[in-house]
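Have a look at it first, then read on.

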Amino acid sequence: MNTMEATVKPALQKEKGRSLDVMEVLIYVFAALMLILIVYPIYFIVMASISDPAAVANGQMWFFPKGFTSDGYQELLKHSNIWIGYKNTILYTAVGTLLSLAINVSAAYALSRKDLVGRKAITLFFIFTMFFNGGLIPTFLTIRDFHLYDTFLVMVLPFSVAVFNIIVARTFFQSSIPGDLWEAAQLDGCGNLKYYVQIVLPLSKAVLSVLALWTAVGYWNSYFNALIYLKDLDLYPLQLVLRNILITNQMQSSLGTGEAAVIAMRLANLMRYSVIIVSTLPIMCMYPFVQKYFNQGVMIGAVK
Amino acid sequence: MKTSQLNIDMQLTIGRIRKNWGLYILLLPAAVLLLLFSYKPMYGVLIAFKDYSPALGIMESPWAGFKYFEKYFNSYQFSITIKNTLIISLYSIATFPIPIMLALMINQMRVNRFKQVFQTVTYMPHFISTVVMVGLILILFSPGNGLLGNIYRLFGAEAPNLMGSTQWFSSVYVWTDVWQHTGWDSIIYIAALSAVDPSLYEAAKVDGASRWQRIRYIDIPMLMPTAITLLILRIGGLLGVGFEKVYLMQNNLNISSSEVIATYVYKIGLLSSQYSFSSAINLFNTIINFILLILVNQAAKKYSENSLW
């Protein structure tokens, strides 16, 4: 304490209440630079998706679209696999998120109750899976043994338990649902399940929204499970289709030469800019709806 | 006397279980799924010690001892995959303080509108999928017709082929991660800072503490528990460099610096169907991570009050 006082003294009265000091100005300048660094590449993609691909490739497009074209988006319409992938991803995301949320939040509530017999052991049973797992091949063999390989179900059921989310929800229940409430409900003859559905869940909108967003983003964006467990092209989610368009083909298309190859490559690039927009927009639009909960300290539950 | 006490205890416990049967129903789906899809594969890890053949099954396949572990340790891929995994991992961990600095910076902003816009914008890239992110990297960093190439040409220079060389791989991997996730990763620290009692700042101001001193003596101590917990988890995952992004960023030109344990396990296991060999590599990786986690946690316990358990 004394040492702190000693170091503090010379700084006395340096602080002025309202006016911006040098450090604050520096912070805003630095923050503005960061904004440009984040926004410009994304802005560039949006502009490139409606610009003449030759102008983009030659470095003539910097801030405004050059030679407006919607060829990229029209090209997308011709690729039916994109739309099949889109449909599949929406299904996986919707079903997977609902299922995963129901399973995880229920388990989290049970684990949040101090009067649960065996609480410690059950918690350990859950947490252990975060740090130890059978690995790729044993898991793959298990999925195959259960005849889940190349099915709709494999995308939504086997990996729907997210222990991390359970811990977050459990912490929320422990800190935000008063214990007296359960005592009171019990006196009114309310059972555990009824209490959970009718009282706890409606009080937990904040944590439910945040977890729903996390889970939905996870389902929308992941490609690993699909890569490992799916073979049928009609079951492919959007991300695997995108992988072919954005990555696998990109490496091949740079091999060709000649006039026709250059034009084909430019159209392919234009389509890539467009497909990035079309596939990323929906998930980004979800975010503002739950944004208000983020800074309310819901996330702090994660590490407590 | 003692037995009757025990009997009463047991009856009480059974009574409590019976009373809360609803809670066990709520636990059931998650527990069953973990049993089937996490614990059953853990038993399947036995194939790392066997000459697994799908026709014979796990039990009937002949034992192979540590044959496949030795095979990995003696293969030339051993040092390559370990080295690449460690480089990428340590490089990533070195960027660990960046979200903390961002949170401290955001906490200093007093213009609320700017603060909100800034936060929203920095979170946004987190929502870009790994596939699209790598697609963006390929298309923007292309020296021929990408944004980076255009910027270099503006200054009359030739852009380096970042994705087609071995020396740039880890930097591209780590700094694009920083670009994408720093904002998002700072949320947790911002939440921790919002829990600081404002009267603490007032008191510090009255005592004449400068802005730096308030950050140094109030904000940073407030963030330490969170930071240490997250750091323990990061170090516990030292050999667990994620598969998704590395695999997508790989190509023939950068493979010697981009082959990590996770991608090697996938290729050996699913692309060339050497199930036992792949499981052995994977198990080795998991065990090292597990040991690291425990060691780091012990160290954290010893040198500070923060630990995972």
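Chain B averages a pLDDT of 89, with 97% of the residues scoring at least 70. For chain A the mean pLDDT is 85, and 87% of its residues reach 70 or more.

The stretch to be careful with is residues 1-17 of chain A, where the pLDDT is below 50. That stretch has 16 contacts in the model beyond near neighbours in sequence. Where pLDDT is low, the predicted coordinates should not be read in detail.

## Chain A overall

What is chain A built from? Of its 304 residues, 36% count as buried. Among contacts between residues at least 6 apart in sequence, 74% join residues at least 24 apart.

Chain A is divided into domain 1 (18-70) and domain 2 (74-302). The centres of these two domains of chain A, taken over C-alpha atoms, are separated by 31 Å. Where they meet, 8 residues of domain 1 of chain A are in contact with 9 residues of domain 2 of chain A. On the domain 1 side of that contact, helix 2 (22-48) and helix 3 (53-57) of chain A each supply at least two residues. By class, this side has 6 nonpolar, 2 polar and no charged residues.

## A look at Phe44(A)

Helix 2 of chain A also holds Phe44(A). Is Phe44(A) buried or exposed? It is buried, because 22 other C-beta atoms lie within 10 Å, and the cut-off for buried is 20 or more. Phe44(A) and Val56(A) sit 12 residues apart in sequence, and their C-alpha atoms are 9.6 Å apart in space.

## Chain B and its domains

Over in chain B, the domain assignment gives domain 1 (2-51) and domain 2 (67-303). Taken over C-alpha atoms, 36 Å separate the centres of these two domains of chain B. The contact takes 5 residues from domain 1 of chain B and 6 residues from domain 2 of chain B. The domain 1 side of it has 3 nonpolar, no polar and 2 charged residues.

Helix 1 (residues 2-19) of chain B is where you'll find Ile17(B). Ile17(B) and Phe66(B) are 49 residues apart in sequence, and 45 Å apart in space from C-alpha to C-alpha.

## Helix 6 of chain B

Helix 6 of chain B runs over residues 97-108, and its 12 residues should span 16 Å at 1.5 Å a residue. The end C-alpha atoms are 17 Å apart, which agrees.

Which residues of helix 6 of chain B are buried? They are Pro99(B), Ile100(B), Leu102(B), Ala103(B), Ile106(B) and Asn107(B). Looking down the axis of helix 6 of chain B, the buried residues fall within an arc of 160 degrees, so they line one face of the helix. On the other side of this helix, Pro97(B) and Met101(B) are exposed. As for packing partners, the buried residues of helix 6 of chain B pack against helix 7 (112-123), helix 10 (169-194) and helix 12 (211-236) of chain B.

## Where the two chains meet

How many residues does each chain bring to the contact? Chain A and chain B each put in 82 residues. On the chain B side, helix 2 (residues 21-44) of chain B gives the most, with 15 residues. The residues on that side divide into 49 nonpolar, 26 polar and 7 charged.

Technical notes:
Residues are numbered from 1 along each chain as its sequence is written. Chains are lettered from A and ligands numbered from 1 in the order in which they are written. This is a predicted model: local features need pLDDT of at least 70, side-chain atom pairs count only at pLDDT 80 or more; totals for chains, interfaces and linings use all residues. A residue is buried if 20 or more other C-beta atoms lie within 10 Å of its own, exposed if 12 or fewer, and partly exposed in between; C-beta atoms are placed from the backbone. Two residues are in contact if their C-beta atoms, placed from the backbone, lie within 7 Å. Domain bounds come from an automatic or database domain assignment. Helices (H or I, at least four residues) and strands (E, at least two) are DSSP runs, numbered from the N terminus. Ala, Val, Leu, Ile, Met, Phe, Trp, Tyr, Cys and Pro count as nonpolar, Asp, Glu, Lys and Arg as charged, and the others, Gly among them, as polar. The expected span of a helix is 1.5 Å times one less than its number of residues. The arc is that of the directions from the helix axis to the C-beta atoms. pLDDT is the predictor's confidence in each residue, from 0 to 100.
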